[in-house]
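Keep the sequence and the 3D view open as you read.

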Amino acid sequence: MKLHITDEFSPLQDVIVCWGDSVPDYKIYAPNEPEFTKYHKRSWDKHLFLKQQEQFFKKLSSFDVRLHFLKTEPDLPHQMYTRDTGFVINDHLYYSKKREFSDRDGEIHLLQNLLTSLKITDLREITSGSIEGGDVIVDPQTTYIGNGSRTSKIAIHELISQENCTHLFLGSNVMHLDTRLTLLPRNTALIIPEAFQKTDLEMLKKRYTLIPVLQQEAIDLGTNVLVVNPETVFSPTHNVRINKELIQAGFRVETIDYTEPINFGGSFRCTTLPLRRG
């Protein structure tokens, strides 16, 4: 298979997903790492989690998207958030073995096994620091890289040496760029303006028509929608205000109840790793 990602909104053709079989029971999973505790304030229901995933996967398939499933590993409780293990820019898949949240160490090996079975060999390791796919947003003009709590500046500089990228500073209290920004078709973007430095926000205003997302909606990962094709956006059912804004902007909104993956730490974009669009 040839990799091909040049934007966030061309028709999605191939994507890596993973069942949440390794999601732990809320009552017994309590890591003390700040990279978990500062973002996760809610309980989750594993049985409901899997049912919501099933609905999401069925809906993706109905749009002729080919789903490629990672093998689940009991010791990797967050592996269903496939976006963060690697990311594709143009025809290369990038990854870093180092992860800021140690519960995610080892995920790359399962990804590499799946990519081998798909005969994908265009892999590039980022050896300096940590970088995750949730901090990578691809646009035809440039690739935006968020420098938050899970992607380091040194890793960004290494990627900039290989790709045309724009560095966006987020600070240590933001997990990923796509929890604050998502690009949509027709030069439109969902954004939480308060998350960005003034100069970066002014730059984004010049390039895109911005649809503001409220700070309290960030708790529900309001920007973390998934664009399946230039007309269609997958968004959680409870994003009522945001969904109305998307419809008014001319998009078709496919709503799915996705509360449990969100409660555990990621929404639609987090749980998909696109390999091909176009």
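A cavity here is a set of points, on a 1 Å grid over the protein atoms alone, where a 1.4 Å probe fits but cannot get out; lining residues have an atom within 4 Å of a point. Grid points are joined across faces, edges and corners, and a volume is the space filled by probe spheres set on the points. This is a predicted model, in which local features need pLDDT of at least 70 and side-chain atom pairs count only at pLDDT 80 or more, while totals for chains, interfaces and linings use all residues. Residues are numbered from 1 along each chain as its sequence is written, and side-chain values use heavy atoms, with hydrogens and water left out.

The structure holds two cavities of 30 Å³ or more. The largest cavity has about 100 Å³ of space. Its lining is made up of 14 residues, and I5, E8, R83, V88 and P274 are the ones nearest its centre. Two or more lining residues come from each of β3, β6 (136-138) and β15 (273-277); helices (H or I, at least four residues) and strands (E, at least two) are DSSP runs, numbered from the N terminus. With three residues, β15 gives the largest share of that lining.

## From β15 to β1 and β2

Strand β15 also leads us to a neighbour. It runs antiparallel to β1, and four bridges join the two; strands count as paired if DSSP finds at least two bridges between them. On its other pairing, β1 goes with β2 in the parallel sense, again over four bridges.

I16 is a handy residue for seeing both pairings. Its bridge partner in β15 is L273, and in β2 I16 stands opposite H68. Strand β1 (residues 12-17) is mostly covered, with five of its six residues buried, where buried means under 20% relative accessible area, exposed over 50%, and partly exposed in between (1.4 Å probe, protein chains only).

## A strand covered on both faces

How many of the residues of β13 are buried? Five of the five residues in this strand (232-236) are buried. T232, F234 and P236 are buried on one side, and V233 and S235 are buried on the other, which leaves both faces covered.

Strand β12 (residues 226-229) pairs with β13 in the antiparallel sense over three bridges, with L226 opposite F234. The two form a hairpin with two residues between them. Strand β14 (residues 252-256) runs parallel to β13 and is joined to it by five bridges, and T232 stands opposite R252 in that pairing. From β13 the chain crosses through helix α6 (residues 240-248) to β14, in a right-handed β-α-β crossover. Right-handed is the term used if, with the strands pointing away from the viewer, the path from the first strand over the helix to the second runs clockwise.

## An open three-stranded sheet

The order β3-β4-β5 describes an open sheet of three strands with mixed pairing. β3 (87-89) and β5 (123-125) each have a single partner strand and stand at the edges, so one side of each has no neighbour in the sheet. On average, direction ignored, neighbouring strands of this sheet are turned by 35° against each other. Axes are lines fitted to C-alpha atoms, for helices over the stretch in contact, and angles run from 0 to 180 degrees between N-to-C directions.

Strands β3 and β4 (residues 92-95) run antiparallel and are joined by three bridges, with I89 opposite H92. Helix α3 (residues 107-117) lies across β4 and β5, running at about 165° to β4.

## Three loop residues

S149 lies in the loop between β7 (143-147) and α4 (153-160). Its relative accessibility is 11%, so S149 counts as buried. Beyond its neighbours within four places in sequence, S149 is in contact (heavy atoms within 4.5 Å) with E35, K38, Y39, E100, G171, S172, V174 and M175.

Most residues other than glycine have a negative phi. D64 has a positive phi of about 60° although it is not a glycine, and L221 has a positive phi of about 55°, also without being a glycine. Buried or exposed? D64, in the loop between α2 (46-62) and β2 (66-69), counts as exposed because its relative accessibility is 65%. L221, in the loop between β11 (209-212) and β12, is buried, with a relative accessible area of 8%.

Conventions
On a 1 Å grid over the protein atoms alone, a cavity is a set of points where a 1.4 Å probe fits but cannot get out, and a pocket is an open set with protein on both sides within 12 Å along at least five of seven lines; lining residues have an atom within 4 Å of a point.
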